[in-house]
Amino acid sequence: MTFLFYLAMFFLLLNAFTIAQSLIQDSCKKAADKNPKIHYNFCVKSLEENPQSKTARSLDRLVMLSTKNAVSKTTSMKGIVDKILKENRFEMYSEKPLRDCLELYSDATNSLKEALTIIKSRDYKTANVVISAAMGAPPSCEIGFKEGKEPLKSPFTKDNDVLFKLILIPFAFTNMLK
């Protein structure tokens with residue numbers, strides 16, 4: 001009897017994981033079809049890497065999870081820049097763009113955290129606007145390194161590309177819900 005119980009539980013969990021995987025793939029496909037800046041494979045991978053996504057049953061939940069992924073990355077970027085500044089590990093002309101990036105990542109983190117609160121209330125239109133404010137951080141950080149007395153190579157180009165893509169996912173998903 002217990003064997004049958006465990007077998008039934010196994011199939012229920014397997015079904016839940018299959019539903020979540022299908023939801024992720026379908027949602028990322030729709031988002032990529034509507035927005036050419038969304039990379040389908042990146043969208044799917046970033047969501048599937050989050051263990052909480054395995055039980056997602058709605059686009060609402062994917063909006064929450066993808067926003068949390070973006071918060072995590074902006075927080076990480078903020079920590080990296082802060083560490084570079086505290087350890088004085090930067091070139092002579094790069095302190096200003098580093099400080100600008102730190103502020104941009106801080107603002108983006110705050111915007112995304114605010115969006116999480118708004119998402120909980122299911123106000124996707126407002127959440128979309130707040131998320132869009134965070135989207136400016138990665139490109140603005142990159143521009144800051146190019147505008148100084150001596151244009152510099154940003155040490156964050158790859159990370160900013162990933163961050164932009166991560167922020168773009170909940171932006172696209174909230175567009176689908178509003």
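This is a predicted model: local features need pLDDT of at least 70, side-chain atom pairs count only at pLDDT 80 or more; totals for chains, interfaces and linings use all residues.

**Entry 1: H5 against H7.** I began with helix H5 (residues 124–134) and helix H7 (residues 157–177), which pack at an angle of about 160° with their axes 9 Å apart. For my own reference, helices (H or I, at least four residues) and strands (E, at least two) are DSSP runs, numbered from the N terminus. Axes are lines fitted to C-alpha atoms, for helices over the stretch in contact, and angles run from 0 to 180 degrees between N-to-C directions. H5 and H7 are therefore roughly antiparallel to each other; the classes are roughly parallel under 35 degrees, roughly antiparallel over 145, roughly perpendicular from 65 to 115, and oblique for the rest.

I then listed who makes the contact (heavy atoms within 4.5 Å). From H5 come Tyr124, Ala127, Asn128, Ile131, Ser132 and Ala134, and from H7 come Ile167, Pro170, Phe171, Thr174, Asn175 and Leu177. Sorted by class, the contact of H5 with H7 has 8 nonpolar, 4 polar and no charged residues. The classes I used: Ala, Val, Leu, Ile, Met, Phe, Trp, Tyr, Cys and Pro are nonpolar, Asp, Glu, Lys and Arg are charged, and the others, Gly among them, are polar.

Residues are numbered from 1 along each chain as its sequence is written, and side-chain values use heavy atoms, with hydrogens and water left out.

**Entry 2: the buried side of H5.** Which residues of H5 are buried? I found Tyr124, Ala127, Asn128, Val130, Ile131 and Ala134. Buried means under 20% relative accessible area, exposed over 50%, and partly exposed in between (1.4 Å probe, protein chains only). The buried residues of H5 pack against helix H3 (59–86), helix H4 (95–120), helix H6 (137–146) and H7.

**Entry 3: H4 against H6.** Next I checked another pair. The axes of H4 and H6 cross at roughly 175° and come within 9 Å, which makes H4 roughly antiparallel to H6. On the H4 side I wrote down Pro97, Leu98, Cys101, Leu104, Tyr105 and Ala108, and on the H6 side Ala137, Ser140, Cys141, Gly144 and Phe145. This contact divides into 9 nonpolar, 2 polar and no charged residues.

**Entry 4: Thr74.** Is Thr74 buried or exposed? Thr74 is buried, with a relative accessible area of 0%, and its place is in helix H3. Leaving out residues up to four places away in sequence, Thr74 touches Tyr105, Ala108, Thr109, Leu112, Leu163 and Ile167.

**Entry 5: salt bridges.** How many salt bridges does the structure hold? The count is 9, taking a salt bridge as a side-chain nitrogen of Lys or Arg within 4 Å of a carboxyl oxygen of Asp or Glu. I looked up three of them.

- Asp60 and Arg122 meet through their side chains at 2.9 Å, N to O. Asp60 lies in helix H3 and Arg122 in the loop between H4 and H5, so the pair ties together parts that are 62 residues apart in sequence.
- Glu87 and Arg89 meet at 2.7 Å, N to O, and Glu87 is partly exposed at 41% relative accessibility.
- Lys96 and Asp100 meet at 2.9 Å, N to O. They are 4 residues apart in helix H4, so about one helical turn separates them. Lys96 is exposed at 57%, whereas Asp100 is partly exposed at 29%.

**Entry 6: two positive phi values.** Most residues other than glycine have a negative phi. Asn88 has a positive one, near 50°; Asn88 sits in the loop between H3 and H4 and is exposed at 58% relative accessibility. Arg122 is exposed, with a relative accessible area of 58%.

**Entry 7: the whole chain.** I finished with the totals. The chain comes to 7 helices and 0 strands. Of its 178 residues, 44% count as buried. Among contacts with a separation of 6 or more, residues 24 or more positions apart account for 68%.
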